Amino acid sequence: MSTAWMLNVLGEKVTIRGDNGQEAPLDFAYAWAQSTKCKELQAKLAEISETRDTALEIVHETEFAASKRQRDNLMANRLVTIYWRSPAYNLNRMLLSLFIALLLSSVFIPIRANEVFTEAQMTSLLSTIFIAFIIIGVLSITSVLPVMLSIRDMYYRHKAAGMLSSSSVARALATAEKRFILIASALFCLVFIPVSGIVLDSEVKKRAGQSFAFWGFFTFNMAIYSYIGQLFMCLVRGPATAQILCSIFIGINNFFSGLIVRPQQMVGGFWAITYWINPGHFVYEGLVMSVFYNDNRQVIVGQGSDYYDALNCNSISVDGECQVTVSEYVNVFFGGQFSRDHIARNAIILGGILLVVRISTFVALKKLTYSGK
């Protein structure tokens, strides 16, 4: 491409006198085709072709010098290197994870050691967990789009040259992204969990288990948002359309994960489908039940509370107030739809969603080509 451009530019400056006596730009391609050197070269190539020595022929047993596994590994390692050399994407993502974790959790420093919460404080804890996974998810899905666009267009060029397969790129994308998802989610949880005080069980083993489960569901959330962003960028032509799809996905997660519209308001009706197909529902239930399922700290419920009757406070209230455990309050808050027994099921469903997203990305890379660059 650059050689042709250079010859075209030179051709505008170099002129020859034509048969009509007028000066005209030199056509290098035509001049070469008419030269004696070109004719000598063609004759030599024809002679070589006719008297070809099969002993000198270079033959390979396979189409590629490396096996498919080796090619996939090389591509994965190359993409990991590209990610490490993209601090604008990965370093900023990690720093923002730390900053958001500190910002959200620091609000609860004055009450982190409390054994008794007001209803407003308990609701704030549940809302902050919701806001945390939504904000980090939005950050993940929006920041991955420009990176994926660049990688996708690079793949299209190599695909046209027969140098890359869709499976190699799909695997490399998963491998490269996975490492930074694990690191970013770990950094967030290492700050958010201890500073907010949501896990304060006296048994170290139990506390570690709760923290690990919380991190696991938070990692699932980051992975789903990131990989769905990659999928959207592979499904459509440009980033504007992919951003619209991301906005729709974010909106569905915001409304139907279980806080803005509670599970008890969706289950049993037509809109139950939005609850059951929404990844955010399984993430939010996992996060909440990981840390509050057997929490014996107390919540003060006043007579005007929406949950006063459901908690049977009429029989245990003193001066119009009653105290219930955090786990009891959380159970009623979500209409009994969030349960500790669902944690394993939710993890399996989220794993299945990730698998479907990765397969869909592979199919999109294989079947769709939007750029000829």
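Helices (H or I, at least four residues) and strands (E, at least two) are taken here as DSSP runs, numbered from the N terminus. The structure is a predicted model, in which local features need pLDDT of at least 70 and side-chain atom pairs count only at pLDDT 80 or more, while totals for chains, interfaces and linings use all residues. Residues are numbered from 1 along each chain as its sequence is written, and side-chain values use heavy atoms, with hydrogens and water left out.

Lys68 counts as partly exposed because its relative accessibility is 42%. Although Lys68 and Ser165 are separated by 97 residues in sequence, their C-alpha atoms are 9.6 Å apart in space.

Two surface patches come next. Patches are built from residues with over 30% relative accessible area and no salt bridge, joining like charges within 9 Å and nonpolar side chains (Val, Leu, Ile, Met, Phe, Trp, Tyr) within 5 Å. The accessible areas come from the Shrake-Rupley method with a 1.4 Å probe, and for residues only the protein chains shown count as cover. For charges, Lys and Arg are positive and Asp and Glu negative, whereas His and the chain ends are not counted; the place of a charge is NZ of Lys, CZ of Arg, CG of Asp or CD of Glu.

Arg69, Arg171, Lys178 and Arg179 together form a positive surface patch. Helix α7 (residues 166-196) gives the most to this patch, with three residues. Arg171 lies in helix α7, and its relative accessibility of 36% is why Arg171 counts as partly exposed. The nonpolar patch, of about 410 Å², is made by Trp32, Leu41, Leu45 and Ile48. Its largest share, three residues, is contributed by helix α3 (residues 36-50). Trp32 sits in helix α2 (residues 28-33) and is partly exposed, with a relative accessible area of 44%.

With a salt bridge defined as a side-chain nitrogen of Lys or Arg within 4 Å of a carboxyl oxygen of Asp or Glu, a search of the whole structure finds four. One of them joins the side chains of Arg93 and Glu177 (2.6 Å, N to O). Arg93 belongs to helix α5 (residues 90-105) and Glu177 to helix α7, so this pair ties together parts that are 84 residues apart in sequence. Both Arg93 and Glu177 are buried. Another salt bridge links Asp153 with Arg152 (3.4 Å, N to O), and Asp153 and Arg152 are likewise buried. Asp295 and Arg297 also meet through their side chains in a salt bridge (2.6 Å, N to O). Asp295 counts as buried at 8% relative accessibility, and Arg297 counts as buried at 8%.

Two further residues complete the picture. Glu285 is placed in helix α12 (residues 279-292) and is buried, with a relative accessible area of 0%. Taking contact to mean heavy atoms within 4.5 Å, and leaving aside neighbours within four places in sequence, Glu285 touches Gln337, Phe338, Ser339, His342, Arg345 and Asn346. Asn312, in turn, lies in the loop between β4 (298-302) and β5 (321-325). Asn312 has a phi near 60°, a positive value in a residue other than glycine, and counts as partly exposed at 47% relative accessibility.

Definitions and conventions: Buried < 20%, exposed > 50% of the residue type's maximum accessible area, 1.4 Å probe, protein only.
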